[in-house]
Amino acid sequence: MLSRRTFLRRTSAALLAAPFLPSAFPFHRTDDAFRSLRRNVGIFQQRGGTIGWLANDDALVVIDTQFPESAQQCWTGLHDRTGRDIDLLINTHHHGDHTGGNATMQPHAARHVAQQNVPTLQRQAAERSDDGPPQAYADDLFDTEWSDDLGDETVRLRHYGPAHTGGDAVIHFERADVVHMGDLVFNRMPCFIDLPGGASTAGWIETLEQVHAAYTDETIFIHGHGNPEFGVTGSRADLLVMRDFLTGLNEYVAEGRKAGTPIDELAAVERLPGFPDHHLAAWADGIPNAIRAVYREQTSAE
Ligand SMILES: [Zn+2]
């Protein structure tokens, strides 16, 4: 019998690896997959990027869709809770662990919103892999800002420029004061740097600083992924931890290149020096892959 902590640690590691190492391992039992945060806003965690939701008698909003099976669980739970169809479906960005359940959710949704670069990036990624689920694409697109009132809540989306991908949206439930960061925060763990998907670590650092400045210490943040030791929700302080990790990656690679260290040697580390928390045993190549991506980014920029 596993202790709860061990269970969470093992299953969370499986979840976190899911976008990169497909796993059938369920993350949470259905009955504890939902967690309320504030004012009818909460999260759903099963497999893939954290789903955010607003669920009350007047509005049902869903942010991201994980994979077909977990999307079905999430939809069923939210529909049972509210008796509503989805008023607004949002994708934070195009990655498969955030859009893989789109085809499951979209038939129940009145509107499906994302940043305008998302459908193209999603199509390109789907063409590169041949074993993904059926794709469905957002069709209500915005450039830098989108907002609407739903029931007693105002939902505002902002795109700050290339960061984790070329089409990231930061979503704010204004009255609840809850922000969904998508994958702009991998909370105290390695991160996925997707150069073909439009990633820019310099833009990512800038975005984290802008979002940090836009909110307060009272704002609750939802992160796309998190080290089980730290979780997938937190405060804006987490954004600066993420910023410092990205800065640390860039400095590590720049210093290594200056010293003439070969990339294979630079990437042969389990942890980035100075960042002992940013580690997951189940994603052993997370840090090496991030180092290689930053190396490619730096050398292609010259
Ligand atoms: Zn992502």
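Start by selecting Cys74 in this predicted model, a residue that is buried with a relative accessible area of 0%. Cys74 has its place in helix α2, which covers residues 68–82. Now show the side chains around Cys74: leaving aside residues up to four places away in sequence, Cys74 touches Phe34, Phe44, Ile51 and Met105. If you label the C-alpha atoms of Cys74 and Phe44, you will find them separated by 6.9 Å, although these two residues are 30 residues apart along the chain.

Next, zoom out to the whole chain. The protein chain has nine helices and 15 strands, and buried residues make up 54% of its 302 residues. Of the contacts between residues at least 6 apart in sequence, 64% join residues at least 24 apart.

Now select the zinc ion. Which residues coordinate the zinc ion? They are His93 through NE2, His95 through ND1, His164 through NE2 and Asp183 through OD, at 2.1 to 2.2 Å. The angles among the four donor atoms run from 87 to 168°, and the site of the zinc ion is irregular.

Move on to strand β9, residues 153–158, where five of the six residues are buried. On one side of the pairing, strand β8 (residues 145–150) and β9 run in the antiparallel sense over six bridges, and Thr154 in β9 is the bridge partner of Asp149. The hairpin of β8 and β9 has two residues between the strands, and Gly151 there takes a positive phi near 55°. Strand β9 also pairs with strand β10 (residues 170–173), again in the antiparallel sense, over four bridges; in β10, Phe173 is the bridge partner of Val155.

Stay with β8 and β9 and display the charged side chains. Arg158 and Glu145 meet in a salt bridge at 3.8 Å, N to O. Because Arg158 lies in strand β9 and Glu145 in strand β8, the pair ties together parts that are 13 residues apart in sequence. Arg158 is partly exposed at 25% relative accessibility, and Glu145 is likewise partly exposed, at 41%.

Is the next charged residue, Asp177, buried or exposed? Select Asp177 in the loop between β10 and β11, and you will see a residue that is buried yet has no salt bridge. The nearest side chain of opposite charge, Arg38, is 4.2 Å away, whereas a salt bridge needs the nitrogen and oxygen atoms to be within 4 Å. Among the residues that Asp177 touches are Arg38, His172 and Tyr215.

Finish with Arg236 and Asp217, whose side chains meet in a salt bridge at 2.9 Å, N to O. Arg236 counts as buried at 18% relative accessibility, whereas Asp217 is exposed, with a relative accessible area of 56%.

Note on methods: Residues numbered from 1 in each chain as written. Predicted model: local features only at pLDDT ≥ 70, side-chain atom pairs only at ≥ 80, totals over all residues. Heavy atoms only, no water. Donors = N, O, S within 2.8 Å, 3.2 Å for Na, K, Ca; no water. Tetrahedral: all angles 85-135°; square planar, octahedral: opposite > 155°, others 65-115°. Buried < 20%, exposed > 50% of the residue type's maximum accessible area, 1.4 Å probe, protein only. Pairing = 2+ DSSP bridges. Lys, Arg positive; Asp, Glu negative; His and termini not counted. Contact = heavy atoms within 4.5 Å.
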